[in-house]
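Here are my notes for your first look at this structure. Please keep the sequence and the 3D view open as you read.

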Amino acid sequence: MLIAIQDLHRVYQVGDQEVRALDGVDLNIDKNEYVAIMGPSGSGKSTLMNILGCLDTPSQGSYRLKGLEIGKMSDDELARIRNVEIGFVFQTFNLLPRADALHNVELPLVYAGAKHEERRARAKEVLTTVGLGDRMKHRPNELSGGQRQRVAIARALVNRPSIILADEPTGNLDSRTGEEIMVAFENIWRQGNTVILVTHEPDVAEHARRIVRMKDGRIESDTVNPNPRSPAPASPPAHA
Amino acid sequence: MNLRESVGIALGGIRANKLRSFLTLLGTIIGVASVIAVVSFVEGMNKFVTDKLLNAGANVFVVDKYGFIGSEEAFEAARRRPDVTLDDADDLRLGIRNASMVVGEAEGNTSVHYRDHVLKGVSVHGRGAGYDVVDDIAIGEGRHLTEFDDRRREPVCVIGPEVAEELFANVDPIGHRIRIGVQDFEVVGLTQAKGKLFGITQDRFVTIPVRTFQKFFQERGSFSIAVKSDDESSLPLAEQEARNIMRARRHQRPGQPDLFGITTSETWLELYHKLTGGIFIVTIGVAAISLLVGGIVIMNIMLVSVTERTREIGIRKALGARRHDILAQFLVESTTLSLAGGVIGILLGAGLALGVGAVSPLPAAVSLPAVLLGVIMSTGVGVFFGSYPAVRAARLDPIDALRHE
């Protein structure tokens, strides 16, 4: 099991009030799954995503990633896990504005301690696979929204993580560009990666093969998506 | 790690906002520049002083009424001492066995006339015979003053080259009569040029026999007695002999403080060291304040930078940057910033020192230790004042940082 979550709680203290953002979540995700986590705002999906991404730790309960207990880790150990195991794709892209596409993609490798030539080569390779081989020296403000998100996807992939964690990846894009990004995720998944989408948009969630619905800090339903909306025109699924 | 990147970000920031960077770095620049300039000057001066001041008046001490006066009380007490007379000088000359020369001296200042040429504010030196050895003065033309001139109170004088040039222009001054104050004197000698000491000319003077000086300029009042010992090792002996003779002449009891003063070049050296020590302390104060202010400004700008780039920090953390990665990044930035200020300060300080050294007689020597000191100081400021912002950046929570607008 790649991800094993048992009885997960996350409680925030807001003023003198306790907010139970997660209130007993159990969730297992296997390698090479394509999961969408859905729910309205306040349902706890963002909190769950933060914990899945090792940005946050649970107040109570267990989160094991590849058998490692995340809840007991120090900040620096969490940083290491994020670097090696997690590839983030954010709604607002979160690229460094002053760095070009190539450098943005290199960044996880910088913190992984890779040598300069090695990370250069790897970053170029990944940028080429997302179709930005000719945009490597462009800064984010010289790229379109869709291109920026593809840079972010390349950055998420560059260190070969166990999980691609995408938070509303099409939220800031028009629908046509959004579809392109969903094609990219489909391809990533077909290449054997584990993809977790966090979204409140049913259209986006329907691309996933499994849909987890959250409400009030608990999992409301966890179902296999019977009719995944494949954005790829007619190519048969590689894993089938 | 990403050292090059952090240095690049810092330099890029400086380039992108030159005025702000300049203002940010002003304190550091002033602090480092002042230290470099002063260290350069003091080092140059040290060399100069040991070269000139000490060698010129080597093994000479001066006996006079006041000696080295350090306070108003000391001056009041010294005022009541008996005058030092030319008879004292004669007795010292006869009595000190370790002295090669004893010369009675007096100083004045007046205008000098030759025909319709007038030279105002000329130093008038009254000197006993042998002054040329004590004052290290070489004759250029004519002759020195003699014992005979002095005993007969002759109205003769030896003049410095500046006086000669300004009064006589192209005429040979030897044998001409000039008026010093209200008295006519015959020029018997012209000295060789000595140049300047601390920017003050040593060539604008007239020297007359000390008894002639007594006759025309100073019937009463105290004289100085310059004593030159045989060599360096006999200087303390000569000084002790002089003290014994002077005390005996004043009928002083044992234990009573001297009723006269003795000043050696040692005294001047001490004063010089006190003076430069004072300059050093003031400079350290100025530099410390400048660097403190400069450091606070750098800290402030780094805090602004951390706030502005909170989201960037969040992104970096999400991608796997550990605390010390972020800490190092911001420390490198603040240090690059302050080091840039340091380099500007070093150039400015060195330029100042060399510039003043070029247009004035004040010597300056920019030394490697001074430059290293500047580099260390500015680096220290960057590390010290960059720490707090860097620690704040490193401690940011990645989720909060990513949410930051």
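How many salt bridges does the rule find across the interface of chain B and chain A?

1. The rule finds two salt bridges across that interface. A salt bridge here is a side-chain nitrogen of Lys or Arg within 4 Å of a carboxyl oxygen of Asp or Glu. Asp75(A) and Arg323(B) meet in a salt bridge through their side chains, at 2.7 Å from N to O.

2. A word on the source. This is a predicted model, where local features need pLDDT of at least 70, side-chain atom pairs count only at pLDDT 80 or more, and totals for chains, interfaces and linings use all residues. Residues are numbered from 1 along each chain as its sequence is written, chains are lettered from A in the order in which they are written, and side-chain values use heavy atoms, without hydrogens and water.

3. Now the contacts. Chain B brings 22 residues into contact with 21 residues of chain A (contact means heavy atoms within 4.5 Å).

4. About 2100 Å² is buried between chain B and chain A, and carbon and sulfur atoms give 57% of this. Buried area is the accessible area (1.4 Å probe) that two parts lose on being put together, summed over both. In chain B, Leu319(B), Arg322(B) and Ile399(B) lose the most area to chain A. Together they account for 29% of what that side buries.

5. Look at the domains of chain B. Domain 1 covers 3-52 + 279-403, and domain 2 covers 82-259. These bounds come from an automatic or database domain assignment. The centres of the two domains of chain B, taken over C-alpha atoms, are 55 Å apart.
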